[in-house]
Amino acid sequence: EEEKTEPEKHVTVANLFDALGELTAAELRRKAVDTIASSPAAFDPVSVVVPALSLLSQWHGERVNADASFLQLWQHAAEFLLARSEHPPEPPRDWRQSVTLSCRCEDCRELQSFTRNPAEHAHRFRVRKDRRQHLHETIKQHSLDMTHVTERKGSPQTLVCAKTRGAYQRRCAQYRADLASMTVLFPLLRTGG
């Protein structure tokens, strides 16, 4: 079975809550909340839970404020977002990457030394093609935060690795997404009174 995309998941979650509400299946709704809350990888609060809560609020208006399952899921999303995004990500102080490579060959030991060096931004590996390919695979396997291109002059050619700030940029993007979700989430409990 093909996995649902994030946009489909939030509609599915909202429909599930509506269906269980129609069946007056309070215990099943509570179990659904517990399952969703304990599975943030499957039910991402930013892309699934908050949009589902927003849909339920659109469909039912202020009546959701009296729905215990809605409130429990709202609280889960709020706590998750506040905990994860209490502070903006700290920019890296240097170029060090805390990585332990599984391979202990000479090239990988040199690569690991490079990743852990706080001052070195780029490193050059002038090695045969098979060794460059091995380094390329190691970088990919360990999801190292760096680019790597082959400089095609000389023999052997040189693999040039340059550290990037990709992980920091992803944390910043996640932080911005969390803040945007909070601006959607918090007004859902406002009353019209």
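Mentor: Two strands count as paired if DSSP finds at least two bridges between them, and helices (H or I, at least four residues) and strands (E, at least two) are DSSP runs numbered from the N terminus. The model is predicted, with local features needing pLDDT of at least 70, side-chain atom pairs counted only at pLDDT 80 or more, and totals for chains, interfaces and linings using all residues. Residues are numbered from 1 along each chain as its sequence is written, and side-chain values use heavy atoms, leaving out hydrogens and water.

Trainee: Which element of the protein has the highest mean pLDDT?

Mentor: Across the protein the mean pLDDT, the predictor's confidence in each residue from 0 to 100, is 91, and 94% of the residues reach 70 or more. Helix H1 (residues 6-22) has the lowest mean among the elements, 82, whereas the highest, 97, belongs to E3.

Trainee: In what order do the three strands of the open sheet stand?

Mentor: Strand E1 (122-126) and strand E2 (146-151) are at the edges, each with a single partner strand, so one side of each is left without a neighbour in the sheet. From one strand to the next the twist averages 20°, where angles run from 0 to 180 degrees between N-to-C directions and axes are lines fitted to C-alpha atoms, for helices over the stretch in contact. The pairing is antiparallel, and the order is E1-E3-E2.

Trainee: Which residue of E3 is the bridge partner of Ala122?

Mentor: E1 and strand E3 (residues 158-163) pair in the antiparallel sense over five bridges. Within this pairing, Arg124 stands opposite Val160 and His123 has Cys161 as its bridge partner. For Ala122, the bridge partner in E3 is Ala162.

Trainee: Where in E3 does Thr147 find its opposite residue?

Mentor: E2 and E3 run antiparallel and are joined by six bridges. Their hairpin has six residues between the strands, and there Gly154 takes a positive phi near 80°. As for Thr147, the residue opposite in E3 is Ala162.

Trainee: How many of the residues of E3 are buried?

Mentor: Buried means under 20% relative accessible area, exposed over 50% and partly exposed in between, with a 1.4 Å probe and protein chains only. Both faces of E3 are covered, with Thr158, Val160 and Ala162 on one side and Leu159, Cys161 and Lys163 on the other. E3 is largely enclosed by the rest of the structure, because the residues buried number six of the six.

Trainee: At about what angle to E1 does helix H5 run?

Mentor: E1 has an uncovered face, formed by Ala122, Arg124 and Arg126, and a covered one, formed by His123 and Phe125. Helix H5 (residues 106-116) lies across E1, E2 and E3, and its angle to E1 is about 170°.

Trainee: How many nonpolar residues are in the contact of H3 with H4?

Mentor: The axes of helix H3 (residues 45-60) and helix H4 (residues 68-84) come within 10 Å and cross at roughly 145°. The contact (heavy atoms within 4.5 Å) includes Val49, Leu53 and Leu56 of H3 and Leu73, Phe80 and Leu81 of H4. Ala, Val, Leu, Ile, Met, Phe, Trp, Tyr, Cys and Pro count as nonpolar, Asp, Glu, Lys and Arg as charged, and the others, Gly among them, as polar. Two residues of this contact are polar and one is charged, while the nonpolar ones number 12.

Trainee: At about what angle do H4 and helix H7 pack?

Mentor: Among the residues that meet are Trp74, Ala78 and Leu82 in H4 and Gln174, Met182 and Leu185 in H7. By class, this contact has seven nonpolar, two polar and two charged residues. With helix H7 spanning residues 166-185, the axes are 10 Å apart and the angle is about 145°.
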